[in-house]
Amino acid sequence: MAIEGRTHKPVVDHHLCGTCTICYDACPAAVVPEIRQETDTLRGRAYRGYTPAPASSRQPAQRMPSCQSRCPLHQDVRGYIELIGQRRYQEALRLIRASNPLPSLCGYVCPHPCESACTRGRLDEALAIRALKQFVATHCQNDLPAPLQLPESNDKKVVIVGSGPAGLCAAHELAINGFAVEILEAAPHPGGMPAQVIPSFRLPPRALQHDIRMLETMGITIKTGVCFGRDITLAEIWQSGADAVILAVGTHKSTPLDIEPPKTIPGYLDCLTFLKTSRQPDIIDIGKKVIVVGGGNAAIDSARTALRLGAEKVTILYRRRREDMPAADEEIELAAAEGVSFHCQAIPRQLLIKNNQVVGLECQEIELSSILAGGTPQPVADSAFTLTADAVIAAVGQQLDAGIANQHQPFAITPDRHLFIDEKNRQTNVPGVFAAGDAVTGPSSVVEAMADGRKTALAVVSFLSNQKKSSL
Ligand SMILES: Cc1cc2nc3c(=O)[nH]c(=O)nc-3n(C[C@H](O)[C@H](O)[C@H](O)COP(=O)(O)OP(=O)(O)OC[C@H]3O[C@@H](n4cnc5c(N)ncnc54)[C@H](O)[C@@H]3O)c2cc1C
């Protein structure tokens, strides 16, 4: 940083800046409160109390500190941590909500790319950014901040199918741009995967409900128990007065294992069915020995849930090494601490069934060299072994439920089985129908789905604004 002549303006060289923030303590801006309000000068922008500009004019990622640029929502991490440090909790939450309408949800389950990027981590340990967000969201829970000041309505209505993180974030972005928003949700409760399958020991239901309540105070309406394609057609949505539609339907079909039995067998389950059913523990008996196949979040959640349902031995079978598992490290460690065993470098070969009930799994070891080479894991010859089990849970991925394509006006699906969109305008093959979230990208994370929802909402804003101009 250099000080500019008589004005003493700090000048940040963004190529050299390591965002260590030492300059803040030395900077005259810190002692001149008005400078914090400057959004169009470098010193204002560099100061951590900076309030972000509206979504449409947000700064390019390379101009942000690494925690902010690595976050798919580009949240002003330093700004809200500073406010929390000053015990200005309501203001901190307001600043978070300016770019993240689901702070409680993210405070519990976000994979926090901001922490991996935190410059402090180079010195000792990254700041506990997610925990701070969780703290401030929980602290202010009984003290709802006043609803955001919304612009005057522009008389345009957008219908969003799906109330997961992508749909909710798209709804927020559209509402702050003056659109009327209606969300149609097939499930009895809003919230998508986080409400339906992320276990309550990781995400207390009230946290997500609070975020959703805040969105409802902005005038966003959510109709639950309405399945697009079954209870309502696209033609009916247009007839209801919608000017655009966003499909944010997620990936609600579990990828089957190669060894999946042709018909339902007691003791063989897919992870989404298992996690959804586990919310009604009285109707599920998982048995004493459980094997979960997979290495992602869904596998870890299934294993930890099985323990809570009374299983005594839960084993995760994963084809690569434990350090290669896509699940979050902290979740893997928690599962191990709770007693989940890991059998890595092995794949399932055959489901063992007796009297129409799963009794075990025949498996095979995987060659370490094939894992290290990064290609498809290769089985070791003559390495078959058997694990006994009362239940085998498949948790090897999720995909789009292709039912969405079988509409009167079908939606195009990519070879990877995602909803097709034109990247330039984020529309599907059906004019005026956009798509967002996991349905488009494949399984991702809450914060990535939210960022995708926002991107699509901004595409809708631009589409409808251009339409308005051309009709003038
Ligand atoms: C077990 C598990 C654990 C996870 N843990 C984490 C985690 O810890 N951290 C993290 O960041 N991410 C996690 N994820 C991933 C995260 O939940 C998803 O990436 C995210 O929810 C995707 O958001 P979305 O809005 O695109 O879709 P979804 O959240 O799937 O929402 C789609 C919504 O659309 C609805 N819908 C579908 N079809 C229709 C229809 N025809 N009509 C009306 N509504 C419809 C669905 O009911 C659903 O509510 C996890 C995923 C799973 C499966």
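**A sheet and its surroundings**

A: Of the 472 residues in the chain, 42% are buried (20 or more other C-beta atoms within 10 Å of a residue's own, placed from the backbone). This is a predicted model, in which local features need pLDDT of at least 70, side-chain atom pairs count only at pLDDT 80 or more, and totals for chains, interfaces and linings use all residues. Residues are numbered from 1 along each chain as its sequence is written. You will find 18 helices and 17 strands in the chain (DSSP runs of at least four residues, H or I, for helices and at least two, E, for strands, numbered from the N terminus). Among contacts in the chain (C-beta atoms within 7 Å) between residues at least 6 apart in sequence, 67% join residues at least 24 apart.

Now for the part itself, an open sheet. Its 5 strands follow the order S5-S4-S3-S6-S17, and their pairing is parallel (pairing takes at least two DSSP bridges). The edges belong to strand S5 (221–224) and strand S17 (433–435); each has a single partner strand, so one side of each is left without a neighbour in the sheet. From one strand to the next, the twist averages 20° (angles run from 0 to 180 degrees between N-to-C directions of axes fitted to C-alpha atoms).

Strand S6 (residues 244–247) and S17 run parallel and are joined by 3 bridges.

Helix H9 (165–175) and strand S4 (180–185) each supply at least two residues of the shell around the ligand (C-beta atom within 6 Å). Helix H10 (192–196), helix H14 (297–308), helix H17 (438–441) and helix H18 (446–471) likewise each supply at least two. In total, 41 residues surround the ligand, and the closest are Gly162, Gly164, Gly192, Gly250 and Gly437.

Terms used. Buried ≥ 20, exposed ≤ 12 C-beta atoms within 10 Å, placed from the backbone. Contact = placed C-beta atoms within 7 Å.
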